[in-house]
Structures are given as C-alpha cells and as structure tokens.
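Subject: Handover of a structure and its findings

Dear colleague,

Please find below the structure that I am handing over to you. The findings follow directly after it.

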Amino acid sequence: MTLKDLVRPNIWNLSPYTCARNEFTGEALAWLDANENSRICQYNRYPDPLQLEVKQQLGAYRGVNPENIFFGVGSDECIDIAYRVFCRPGIDNVVAIEPTYGMYQVCADVNDVEYRRVSLNDDFSLDVDAIINACDEKTKIVWICSPNNPTANAFPLEQIKEICSRFNGITIVDEAYIDFSPVGSMVQFLNDYPRMIVMQTFSKAWASAAIRLGISYASTDIINIYNKVKYPYNISELTQQEALKVLADSSHIEAIVKELIDARNALAEKLSTLPDVKHIYPSDANFLLVKVSDADAIYNYLRDEKVIVRNRTRVHKCGECLRLTIGNDTENALLIEKLTEYGNTRK
Ligand SMILES: *Cc1c(COP(=O)(O)O)cnc(C)c1O
C-alpha cells in the first residue's frame, strides 16, 4: 500500500490554508500581514505555525529530525487527526487492543469510524496473530499503546515491529509512558517503518499536562499531510515557550523520572503487605494496576476520604482493579494510610 492508498482522497487533494509567514522566513522590518495589534507587546503576534524551535530542541533530545515531528494540542489532537486523515467516515475501520486508552474509541465514534477490539491475553500480553486477523482491506489504523494504559505493561519491541511489518496500513504506537519503561522507544526505528506513527506527550514524564502538547513522529510524507490538515496556529505561543523551558532542563526531568520509578517500586512493596491487595501487576509506567478485595467499596471509601483513584473494575479483564497514579510522597503515604484504615474498619 502506498500512502496515497491510505489517505482519504479529500485530504490528499486538500489545499491548505496559507499565511504570509509561510512565504517569508527571517526577521521582517514590519509585520503587516496578519491584522495583529502591534501597539501592544507580549503575545500580540500569531505563534510559529510549525513550532520549529521546539521541534529542533525535542528532535535533538530524542534523536529525530524536526521534519519528522508534529505537535498537537495534547495527544488528543494527535489521535483525532489520524482519523481525519486516514479514515473515511462510515467506510473504514481501525483495530485496537482491549483494554486500552479510551480516547481511541471516543475519536473513532466522533469520526463515525468502526472500532474493532482485540483482547489482550490473560497476562496482558499481545496476541499479534489475532490483531492481524482482525484487519481487513478497510482497516486503516492499528492502535498499540505501550506501555499500555491501564494494564501498565510495555510490549516487546519485536512484537510491535512484527505488527508494523505484517499490517499494511498505519500502525500507531502511543508511548505516553515510555520514559518510565526499560523497553526502548520505537522512535529509533522510524526510518524502517514508513507507515508507523509514534506518539508521545508532554503530559506525563515531562510534567506539563497543563500546556497541552502532544507529539507524533512519522515520515515526512505523513507529517506534511498532518500539517495541512491541522488548525494553522494550533500550538499557542505560551505553550511553545513553556515547552522550550522544559526541554532546556531535561536532566531535571530525568532525575524526577528516576525518583518516580523508585517511589512506584516502594509503593508496590507497601501495597503488597496489605490484606485487601490481592495482586499488583508489573508496571512500566507511573501508575500501578492493583487487584483488590472489593474495588467498588475501596474506591468509594477512598473517595469519601478525599483520595481519588481510578476504578477500573468494569474494564475488560480488570475486574476488582484500581489504577493508582504514583503521587508525591505525601499523597502516596496518605493512600497507604487510608487503605490500612479501610482494612481495620473491616476487622
Ligand atoms: C495520559 C495519556 C495520554 C496523554 O494525553 P494528552 O492529551 O497528551 O494529555 C496519551 N495516551 C495515553 C495512553 C495516556 O494514558
């Protein structure tokens, strides 16, 4: 399949919105093209529509060319734009693992695209054959979230590569939690798989959920199509400035990620001593999926005590499971205290 076979015809033929800033690079003497108010300074100008400075810094950090990077308003935009570019409403379908991150299905529903689920195995491993078998000639995207939310495990790179090779549509690997994982990123194989898109985000390890900055890495052909479909100024100047600050201090982030992983392992250790905790799934992320004696009762107890966790008990293969984000030391201690208290009220 060529890219042209995979992209919706209206998108392939789209003439994008153009602005004068696309036709001039450098410092002009007078910017009189965009009807801004130049009598007041700070944030009066439209931001760089292609966020080149941020792409250069991120690309240098991740070892990726800036032309292979797209920024969205959170991963949310990176997910939605994939449907809008590749999937014809009412005709095409996508395949995703189950359980996984909820936004893939929400965006499928919004775009009127059939969403096919392929169950993970009981140990939350991937069934590559089942994924390939679920695809037909109308399958445009396979979604692989690794490390997966909510199961917390990363999948072996060999399996992800196998899907990229065997599936002739677009494989999207969502690596929102990759910095917490000992399994490497698929970004290093971008050139080997021209139909693969890798997603990351500033919201998790990079501690910047408020600025709404999601990333897609892909071939320049795919990035160019994304750039003509996105809103021209999707990433605000405030977001770009904050992202540059975060990237300038990447060693600080790396130190915090290490601390978080230690805190995760310490929390798992403490949880394992509590009688109401039945199983703690291995985690390659900044959260723990934990099977407990009675998920609804414990979730309600914690909520009444103002400790908010995620109840996943009604999610496929996650019966009696809570998903616990690793918080700061105070929050983690409070969680253990309240869970211990819950146990004592039952005695
Ligand atoms: C949290 C999360 C994201 C991040 O979404 P943003 O819109 O970038 O904040 C993406 N994918 C998964 C699987 C997540 O759990």
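Asn286 sits in the loop between strand 8 and strand 9. Apart from neighbours within four places in sequence, Asn286 is in contact with Tyr177, Phe180, Leu260, Leu324, Thr325 and Ile326, where contact means heavy atoms within 4.5 Å.

Before going further, please note that the model is predicted: local features need pLDDT of at least 70, side-chain atom pairs count only at pLDDT 80 or more, and totals for chains, interfaces and linings use all residues. Residues are numbered from 1 along each chain as its sequence is written, and side-chain values use heavy atoms, with hydrogens and water left out. Helices (H or I, at least four residues) and strands (E, at least two) are DSSP runs, numbered from the N terminus.

Domains

The domain assignment of the protein chain gives domain 1 (3–18 + 47–248) and domain 2 (251–345); such bounds come from an automatic or database domain assignment. The contact between them takes 24 residues from domain 1 and 20 residues from domain 2. Their C-alpha centres lie 28 Å apart.

Four strands form an open sheet in the order 8-9-11-10, with antiparallel pairing; two strands pair if DSSP finds at least two bridges between them. Strand 8 and strand 10 (310–311) stand at the edges with a single partner strand each, so one side of each has no neighbour in the sheet. Helix 11 (residues 295–304) packs on this sheet and touches strand 9, strand 10 and strand 11 (321–325). The direction of helix 11 makes about 35 degrees with that of strand 11; axes are lines fitted to C-alpha atoms, for helices over the stretch in contact, and angles run from 0 to 180 degrees between N-to-C directions.

Strand 8 (residues 277–280) and strand 9 (residues 287–292) run antiparallel and are joined by three bridges. A hairpin of six residues leads from strand 8 to strand 9. Within this pair, His279 has Lys291 as its bridge partner, and Ile280 has Val290.

Another open sheet consists of seven strands in the order 1-7-6-5-4-2-3, and its pairing is mixed. Its edge strands are strand 1 (69–72) and strand 3 (114–119), each of which pairs on one side only. On average, neighbouring strands of this sheet are turned by 25 degrees against each other, direction ignored.

Strand 7 (residues 214–217) pairs with strand 6 (residues 196–201) in the antiparallel sense over four bridges. Strand 1 and strand 7 also pair in the antiparallel sense over four bridges.

Helix 9 (residues 237–248) has 12 residues and reaches 17 Å from its first C-alpha to its last, close to the expected 16 Å; the expected span is 1.5 Å times one less than the number of residues. Its buried residues are Thr239, Gln240, Ala243, Leu244, Val246 and Leu247. They cover an arc of only 160 degrees around the axis, which puts them on the same side of helix 9; the arc is that of the directions from the helix axis to the C-beta atoms. The face turned away from this buried side carries the exposed residues Lys245 and Ala248. Helix 3 (52–62) and helix 10 (250–271) are among the elements that cover the buried residues of helix 9.

Helix 10 has 22 residues, which should span 32 Å, and its end C-alpha atoms are 31 Å apart, in agreement. Ser250, Ile253, Val257, Ala263, Arg264, Leu267, Ala268 and Leu271 are its buried residues. Seen down the axis, they fall within an arc of 135 degrees, so they line one face of helix 10. They pack against helix 3, helix 9, strand 8, strand 9, strand 11 and helix 12 (329–346). Ser251, Lys258, Glu259 and Glu269 are exposed on the face of helix 10 turned away from the buried side.

Yours sincerely

Methods:
Buried means under 20% relative accessible area, exposed over 50%, partly exposed in between (1.4 Å probe, protein chains only).
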